Amino acid sequence: MRVSNFFLNTGREAPSEAEVLSHILMVRAFMIRKLATGIFTYLPMGYRVIRKIEQIVRECMNEEGAIELLMPAVQPSEIWEESGRWNKFGKELLRFKDRHGRDYCMGPTHEEVITEIARSFIKSYKQMPVNLYHIQGKFRDEVRPRFGVMRAREFIMKDAYSFDVDEKAAAVSYEKMRRAYCKIFERCGLKYKMIDADSGPIGGDLSNEFMVLAQTGEDAVISCDSCNYAANLEKAAALPIEPEGVIPPSAKAAEVITPNMHTVKDVADFLKVPVQAVVKTLILKIEDNLVAVLVRGEHEVNLTKVKNFLRAPFAELAEAEDIKAVSGAVGFSGPIGLKIPIYVDYSVEKLPAMVVGGNKKDLHITGARLNIDFKADGTGDFRAAMPGDKCPKCGGRYTITRGIEVGHIFYLGTKYSKSMKAYFTDADGLKKPIDMGCYGIGVSRIAAAAIEQNHDDAGIIWPAPIAPFEAVVFALNANSQEISRAAEKIYSELIAKGVEAIIDDRDERAGVKLSDADLIGYPVRITVGEKSYKNGCAEIKLRRDSGILTVKLAEVAGKVKELLG
């Protein structure tokens with residue numbers, strides 16, 4: 001391939017709306033072009049990256065026995081109504097009507113479609129296990145698309161679905177996919193971590209995310225400093241913390257006026273008690289009901305944990321008018337006298353006595369005691385984990401790193417097969433729902449995540465397996481026919497050895513070619529200049545390293561092949 005014949009128009013200006021480096025560099029390197037908010041065209045250089053990632057995904061999936069198909073992007077509402085998700089998925093589901101007035105959506109995921117296929121054709125235990133996957137564009141109407149292709153409304157995804165006779169067999173399929181995902185990210189040249197995760201709107205009991213580690217990652221990853229435990233903030237277990245220097249249990253509940261106290265610290269300082277002794281009462285909306293959740297002053301409530309504990313589709317902070325209706329005052333809610341269910345975090349349960357809101361403006365109650373002054377309808381892990389918390393596996397301490405989610409695997413069980421009546425006949429002739437698993441990889445996200453993890457001030461540093469081209473060749477003195485011929489010969493020899501090479505034969509200054517090579521991020525750069533040519537050599541530079549190798553012209557192609565492994 002020749003740059004002069006390639007569709008390439010690199011730039012120096014960053015898009016004004018770009019928030020992360022991958023977005024900036026993909027635009028500048030002429031890899032993507034914004035069409036509308038959260039919707040991008042993959043230009044030739046960027047699409048080559050996407051196709052390489054897709055191929056790695058296909059090879060690793062096929063190695064584990066998965067079978068590729070292609071499902072439609074447009075899905076009828078009927079199957080979503082069967083699964084119960086048509087009204088639960090939220091506004092991210094882009095709904096529309098066809099000319100006959102029938103309801104459809106743009107598929108954000110394909111659980112319903114694949115289950116419809118399974119119930120139509122899988123009738124016997126003898127037909128399982130089976131794993132079907134496809135790679136396709138998806139659409140989710142994100143409320144705030146951002147970070148370029150990392151959180152776009154339209155994106156490219158691989159999703160796979162396993163079908164098994166029971167939970168034990170499904171665990172084998174799950175392990176195959178876990179193994180395939182590890183191979184995929186390793187082959188893409190990425191540093192990643194598999195973490196415990198919440199299943200979100202897809203559902204299921206067992207769930208793991210795969211995070212590409214990067215300082216600019218949008219997600220926080222909780223890791224243990226002593227073992228391999230890792231989880232996202234939604235899932236990370238937060239063990240109870242023993243109280244220190246708190247209100248003694250002999251204290252009696254007493255009302256105290258706390259004028260103009262707007263924060264936990266304000267209240268703690270005013271009452272001369274530790275922050276951990278001041279307990280926050282959060283009023284949450286769970287479907288059509290309100291509940292109260294209590295966490296210590298230094299902690300934050302984890303809505304996902306509350307949702308999962310109550311087996312609810314969602315949990316969110318209540319509106320001000322609802323809070324006032326049940327507690328009497330916004331910002332001063334407390335558990336004493338509340339007529340709604342009360343749930344207490346484990347660390348609050350450890351407090352012998354505490355300060356709580358008095359359900360009136362500028363009023364708190366000191367010396368409040370659980371099971372004496374108020375009762376709990378349940379206790380559990382309801383808070384967000386923090387750095388320094390104890391690891392539930394080994395007792396080590398939590399640290400926080402940043403990551404970008406690029407893959408997610410779920411054990412679904414019979415959630416969809418039961419609701420959509422995907423049954424099979426087992427060896428005893430009994431009808432049973434199919435056990436399912438779901439496995440997604442963000443193909444376009446991998447491209448962005450790779451850039452976030454691999455870049456410098458000059459541009460992208462692609463891992464060789466997913467680079468648009470493995471090597472670029474150019475002559476520093478294009479006016480010299482001898483030097484140009486030497487560069488052309490090296491280019492031809494690279495192609496003959498199976499190296500994906502491109503020759504920059506443009507009539508441009510050497511500085512422009514060098515800058516573009518660094519910006520685009522070719523793993524290997526080969527230059528033939530006057531000085532090196534006089535010595536019968538060319539210069540080889542790895543994009544990831546600062547050093548330059550001087551190699552005999554006849555040996556360049558072989559050396560590049562060796563360097564690429």
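Visitor: What makes up the protein chain, and how many helices and strands does it have?

Guide: The predicted model shows a protein chain with 15 helices and 31 strands, and its C-alpha atoms fill a box of roughly 95 × 65 × 50 Å along the principal axes. Of the 565 residues, 52% are buried, while the chain exposes about 25,800 Å², of which carbon and sulfur atoms supply 50%.

Visitor: What share of the contacts joins residues 24 or more positions apart?

Guide: Among contacts with a separation of 6 or more, residues 24 or more positions apart account for 69%.

Visitor: How many side chains are positive and how many negative, and where do the centres of the two sets lie?

Guide: There are 77 positive and 77 negative side chains, and the centres of the two sets lie 1 Å apart.

Visitor: Why is Arg 525 called buried?

Guide: Buried means under 20% relative accessible area, and Arg 525 has 15% relative accessibility, so it counts as buried. Arg 525 lies in strand β29, where, leaving aside residues up to four places away in sequence, it touches Val 472, Phe 474, Leu 514, Ala 517, Asp 518, Glu 539, Ile 540 and Lys 541.

Visitor: Why does Tyr 533 count as partly exposed?

Guide: The class of partly exposed residues lies between the buried limit of 20% and the exposed limit of 50%, and Tyr 533, at 26% relative accessibility, therefore counts as partly exposed. Tyr 533 is found in helix α14, residues 530–534, and it touches Glu 482, Ile 483, Ala 486, Val 528 and Leu 553, again not counting residues up to four places away in sequence. The C-alpha atom of Tyr 533 is separated by 9.8 Å from that of Ala 475, although the two residues are 58 residues apart along the chain.

Visitor: What makes β27 largely enclosed by the rest of the structure?

Guide: Five of the five residues of β27 are buried, so the strand is largely enclosed by the rest of the structure. Ala 471, Val 473 and Ala 475 point one way from β27, whereas Val 472 and Phe 474 point the other way, and all are buried.

Visitor: Which strands pair with β27, and in which sense, parallel or antiparallel?

Guide: Two strands count as paired if there are at least two bridges between them. Three bridges join β27 to β28, residues 501–503, and these strands run parallel, while β27 and β29 pair in the parallel sense over five bridges. Val 473 stands opposite Ile 503 in β28 and also stands opposite Ile 526 in β29.

Visitor: How do you know that the buried residues of helix α15 are on the same side of it?

Guide: The buried residues of α15, which spans residues 556–564, are Val 556, Ala 557 and Val 560. They cover an arc of only 95° around the axis, which puts them on the same side of α15. What covers the buried residues of α15 includes β27, α12, β29, β30 and β31, and the helix is followed by Gly 565, whose phi is positive, near 75°.

Visitor: What makes β16 and β20 the edges of their sheet?

Guide: Five strands form an open sheet of mixed pairing in the order β16-β14-β15-β17-β20. In that sheet β16 (316–317) and β20 (378–380) each have a single partner strand, so one side of each is left without a neighbour. Within the sheet, three bridges join β15 to β17, which run parallel, and Leu 294 has Val 344 as its bridge partner in β17.

Visitor: Why is Phe 30 called buried, and why is Lys 421 called exposed?

Guide: Phe 30, at 14% relative accessibility, is under the 20% limit and so counts as buried, whereas Lys 421, at 60%, is over the 50% limit and so counts as exposed. Phe 30 is in the loop between α1 and β1 and has a positive phi of about 60° although it is not a glycine. Lys 421 lies in the loop between α10 and β22, and its phi is near 60°, a positive value in a residue other than glycine.

Technical notes
Residues are numbered from 1 along each chain as its sequence is written. This is a predicted model: local features need pLDDT of at least 70, side-chain atom pairs count only at pLDDT 80 or more; totals for chains, interfaces and linings use all residues. Side-chain values use heavy atoms; hydrogens and water are left out. Helices (H or I, at least four residues) and strands (E, at least two) are DSSP runs, numbered from the N terminus. Buried means under 20% relative accessible area, exposed over 50%, partly exposed in between (1.4 Å probe, protein chains only). Contact means heavy atoms within 4.5 Å. Accessible areas come from the Shrake-Rupley method with a 1.4 Å probe; for residues, only the protein chains shown count as cover. Lys and Arg count as positive and Asp and Glu as negative; His and the chain ends are not counted. The place of a charge is taken as NZ of Lys, CZ of Arg, CG of Asp or CD of Glu. The arc is that of the directions from the helix axis to the C-beta atoms.
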